[in-house]
Amino acid sequence: MNLANCDSQWRSVIERLLPEVHPVDRDALLIWLQLYPLKVARLAAADANRAEFERYYQLRGRYLLAENADTSHQFFYSHRYWAAVKAALGSLPEGLDLLGLIRHAAGAEKMALPIAAVGLMTLRQAGPAFLASGYQPKLDGRTPEQFLSARGSDQPRGLWGKLSGAKAALRITMAEDQPDRWFPILTGQHITTGAELDKRPYHESDERCYKDMGPIPVDCRAGSCGTCWVGILGGRENTEPVIEFERKRMNYFGYWENEFHDAGAERPLIRLACQTIVRGSASIVIPPWNGVLGESRQKRREEV
Ligand code: FES
């Protein structure tokens, strides 16, 4: 089947799939679909001048799934099933619809459904080259319930937590599978304010980060640049509701222009970290790219 023919079916298929997805990966799937929208892949494919395309949309970082295929979903519990899903994607049967293909890629393992959906979307956007990589996900022995109870928690985790002497405190977790990937935060702070005090060398692994400026890439801290967008994986109830200014800016950046964004949500899954105030701990996903792709910007480019 030509997956491009299924582009209009994704929303209804995900709606049907979500009740079967374990809660540990439900928001993870909705966040991932918004971090890697078809819109970006389509715009990139339609534009022959890549350098000019990136300049116009102010794109920075790894915005194409082809560069990220094996790692874009490391924040899923079901990331552990990626190798099996890839093997199934290599020999998809004829005659199945999109939902059937997702079920086929998950095989008998129901927990693999969300990562199977990710696999089909990655195949659609990146083509089959990634299927040949030898990438092996790291295994984490915790159960989905243990993942969920640690998500958005104030408690330090694992051996690192014990050895470092870290105490229970409000924290923003950046990678749930790595016990040292968090920074403390105070109630009433914006997420980027807490992040700035984390002086580890994030600029060495993400070229968008500045030295001593923390793990979340920022270019303004005032809602102007769109660099600091994040997914709120856990602890959304600990975030202050979005205000009109953030809504306007998100519309300009285009991060909410997709079928998986809940326009009525007080606390959406995708936020600007510099505009998000927390009252408790939260778990976030930092996308590896940023840009300005709102409809108004797209229209202007088409008119040129
Ligand atoms: S840092 Fe510029 S919008 Fe948040």
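Asp212 counts as partly exposed, with 13 C-beta neighbours inside 10 Å, in a model that is predicted. Asp212 sits in the loop between helix H10 (191–196) and strand S4 (229–234), and its phi is near 65°, a positive value in a residue other than glycine.

**The loop between H10 and S4**

- Arg221 lies in the loop between H10 and S4, the loop that also holds Asp212.
- The phi of Arg221 is positive too, at about 60°, although Arg221 is not a glycine.
- Most residues other than glycine have a negative phi.
- Is Arg221 buried, partly exposed or exposed? Arg221 is partly exposed, because 19 other C-beta atoms lie within 10 Å and a buried residue needs 20 or more.

- The chain is divided into domain 1, covering 3–141, and domain 2, covering 151–297.
- Taken over C-alpha atoms, the centres of domain 1 and domain 2 are separated by 22 Å.
- Their contact draws on 24 residues from domain 1 and 22 residues from domain 2.
- Which elements supply at least two residues each to the side of domain 1 that touches domain 2? They are helix H1 (10–17), helix H2 (23–35), helix H3 (38–46) and strand S1 (60–61).
- H2 gives the largest share of that side of domain 1, with 7 residues.
- By class, the side of domain 1 that touches domain 2 has 12 nonpolar, 5 polar and 7 charged residues.

**H2 against H7**

- On the H2 side, the contact is made by Asp25, Ala28, Leu29 and Trp32; on the H7 side, by Pro114, Ala117 and Val118.
- The contact of H2 with H7 has 6 nonpolar residues and 1 charged residue, with no polar ones.

**H5 against H7**

- Helix H5 (residues 82–89) packs with helix H7 (residues 113–126) at an angle of about 50°, and their axes are 10 Å apart.
- The crossing of H5 and H7 is right-handed.
- From H5, Trp82, Val85, Lys86 and Leu89 take part, meeting Ile115, Ala116, Gly119 and Leu123 of H7.
- The residues of the contact of H5 with H7 are 6 nonpolar, 1 polar and 1 charged.

- Tyr135 is found in the loop between H7 and helix H8 (144–150).
- Is Tyr135 buried or exposed? Tyr135 is exposed, because 11 other C-beta atoms lie within 10 Å, and 12 or fewer count as exposed.
- Along the chain, Tyr135 and Ala83 are 52 residues apart, while their C-alpha atoms are separated by 7.5 Å.

Definitions and conventions:
Residues are numbered from 1 along each chain as its sequence is written. This is a predicted model: local features need pLDDT of at least 70, side-chain atom pairs count only at pLDDT 80 or more; totals for chains, interfaces and linings use all residues. Domain bounds come from an automatic or database domain assignment. Two residues are in contact if their C-beta atoms, placed from the backbone, lie within 7 Å. Helices (H or I, at least four residues) and strands (E, at least two) are DSSP runs, numbered from the N terminus. Ala, Val, Leu, Ile, Met, Phe, Trp, Tyr, Cys and Pro count as nonpolar, Asp, Glu, Lys and Arg as charged, and the others, Gly among them, as polar. Axes are lines fitted to C-alpha atoms, for helices over the stretch in contact, and angles run from 0 to 180 degrees between N-to-C directions. A crossing is left-handed if the near helix is turned anticlockwise from the far one by less than a right angle, and right-handed if clockwise.
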